[in-house]
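Take a look at the aromatic side chains in this model.

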Amino acid sequence: QVQLVESGGGLVQAGGSLRLSCVVSRSTFSINAMGWYRQAPGKQRELVATITSGGYTNYADSVKGRFAISRDNAKNTVVLQMNSLKPEDTAVYYCHAQLRNGVVVWSNWGQGTQVTVSS
């Protein structure tokens, strides 16, 4: 069974940095886009950043210039480097991978990792 295993969350002061990593394990399928989403208490899950297999990136306006997403296709890994963190970045961050088997495409999610930014 495919698993997305996240690491790197934690508590940091405003202005600090954190690095989130996610590895897709036990997968024999192709991986299209990978990315990170977040969900703050009382709010809907929102896109943070995505990256295609070809390296094209997309960011939420709120994190542009502060966050950077990258991936290692050989290792099925995606990384989110978060700098200049703000209290409003506090949320549970979820890794996402779009898997493909021929023409069939589906989504897989990690279990989530907590990021807390103190003011």
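W106 is partly exposed, with a relative accessible area of 28%. This is a predicted model. The ring partner of W106 is F29, and the two form an edge-to-face aromatic pair.

Now place the two residues on the chain. F29 sits in the loop between β3 (18-25) and β4 (30-39). W106 belongs to strand β10, residues 104-109. The pair thus links distant parts of the chain, 77 residues apart.

The structure holds two aromatic pairs. The other joins Y37 and W109. This pair is edge-to-face too, with 5.1 Å centre to centre and 70° between the planes. Y37 lies in strand β4, and W109 lies in strand β10. Again distant parts of the chain are linked, here 72 residues apart.

W109, at 36% relative accessibility, is partly exposed.

W109 has a further neighbour. R45 lies over the face of the W109 ring, at 4.7 Å from the ring centre. R45 also lies over the face of Y94, at 3.7 Å from that ring centre. W109 therefore takes part in an edge-to-face pair with Y37 and has R45 over its face.

Definitions and conventions. Residues numbered from 1 in each chain as written. Predicted model: local features only at pLDDT ≥ 70, side-chain atom pairs only at ≥ 80, totals over all residues. Heavy atoms only, no water. Phe/Tyr/Trp six-rings, centres within 6.5 Å; stacked < 30°, edge-to-face > 60°. Helix = DSSP H or I, 4+ residues; strand = E, 2+ residues; numbered from the N terminus. Buried < 20%, exposed > 50% of the residue type's maximum accessible area, 1.4 Å probe, protein only. Lys NZ or Arg CZ within 6 Å of the ring centre and 35° of its normal.
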